[in-house]
Amino acid sequence: MINWQANVYPKQFSGVKCRKRQKINPPLVLTIGFIVLIMLGSGLLMLPMASTQPISWLDALFTATSAVTVTGLVVIDTGTDLTVFGQSVVMLLIQIGGIGFMTVAVISILSLGKTLGLQQRLLASRAFDTNDLTSVIKVAKYVLVYSLVIESVAFCLLFISWFDDYGALKSAYHSLFYTISAFNNAGFALSGDSLSAFKGDITVNVVITALFIIGGLGFTVLIDIYKQKRWSLLSTNTRLVLIATLVLNCIAFILIFFFEHANPATLAPLSTSEQILTAWFQAVTPRTAGFNTLPIDGLSQDSTLLTMLLMVIGGGSVSTASGIKLGTFVILILAMRSYLKQQTTVTVFNRQLSDKLVIKALSVMILYLFIAFTCIMIITKLEQGSLLDITFEAISALSTVGLSRGITGDLSAPSQLIIILLMLIGRVGPLTFAYCFARQHSQPLTYPTTSIQIG
């Protein structure tokens, strides 16, 4: 792990000179960076040319936060309340927030013909979740290139699909907006009912779900797949994410179809082919995509509970998705399996996971639950709404999903501010957010062991 609070850095690292020796807190800098981007976005959305009618500062702040954190929760209608300029601002915020402003910063610095200093590499390495300071430039370039290539292909497919219905200009604009929103797992839509009008459209369903599934895998996984090209050569992390994604999506699809096929408010009125497409879409979208082709408040309690679980799990690390992250969830499952088998180590694919990694996964889960339930209790005290609706809203915000049971716009100003905070924490990560306030201490003395009864 990188020593984020280190006072002493080497004078030279890979040809990069370090002018000053000073402390640096990458988690705090990254969090502040997101806040600055949100403030800039809020200012742009407050401009008269950004909306069809004046919006409040809170609406602008909420929308900018939702866009930068690629969440998708809205208090105004993106398609009708914002002008083309305002929607373009939202698209730009989504793109920067999705691929990471550190990626944009690194590419911008290189475009100006400058080099990255050691502290800049430390910040970038934290954003890319890597300990290799020499690889951050390559990773940034890969992230940008992959994003543009994948989005370009999806744009062309959607453009062709919508051309007959919308015409050249409108189909191009819609294709661009939904491509950026889907790949970055944002969930913003130009229609108040999201993508419900396309529940039977095979092209739209396949392209949109493919976009947010690929975006949710993680850029490190995509880079590894591109470089290795063979399953046996893929890293343990890549194989784990791919298998877990496939298994989780298939299980969720089967359960959603089983729970909803007889529900008159969701799948029952649809044809068999539409039921399959819609069940698939609803099964994969909670992994922080935020789009929906079914009314979320019409889902059965079984599906609602499953959706919340999927939102908590989220996508892969260093991706456009959030949640506790798929790797965290799998590590916790593996740790439980090892304990039940009375094994002394946690293993996967004939590899042993370090105790530090298991503790980190446990810390992420505990922090997530603590933050979620604290905010749920506060919002429940402030609002008169259903506990289920409030819990769903809070988890959706913290997991940066964007699905809602329809209460977002009805929340009071204090509750909306809490949702804004949850979206920010969810994007930077609960553990990273906690690091902003943590102080690093020297290694404590070793104490005698003791035992506490658990279970």
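Modeller: Contact here means heavy atoms within 4.5 Å, and helices (H or I, at least four residues) and strands (E, at least two) are DSSP runs numbered from the N terminus. This is a predicted model, in which local features need pLDDT of at least 70, side-chain atom pairs count only at pLDDT 80 or more, and totals for chains, interfaces and linings use all residues. Residues are numbered from 1 along each chain as its sequence is written, and side-chain values use heavy atoms, with hydrogens and water left out.

Biologist: What covers the buried residues of helix 15?

Modeller: Buried means under 20% relative accessible area, exposed over 50%, and partly exposed in between (1.4 Å probe, protein chains only). In helix 15 the buried residues include Val358, Met365, Tyr368 and Ile379, and among the elements that cover them are helix 13 (301-313), strand 3 (346-348) and helix 17 (413-428).

Biologist: How do I read the packing of helix 1 and helix 17?

Modeller: Two packed helices are described by the angle between their axes and the distance between the axes. Axes are lines fitted to C-alpha atoms, for helices over the stretch in contact, and angles run from 0 to 180 degrees between N-to-C directions. The axes of helix 1 (residues 26-45) and helix 17 come within 10 Å and cross at roughly 130°, and these helices are therefore oblique to each other (under 35 degrees is roughly parallel, over 145 roughly antiparallel, 65 to 115 roughly perpendicular, the rest oblique).

Biologist: Which residues of helix 1 and helix 17 meet?

Modeller: Thr31, Phe34, Ile35 and Ile38 in helix 1 meet Leu424, Arg427 and Val428 in helix 17.
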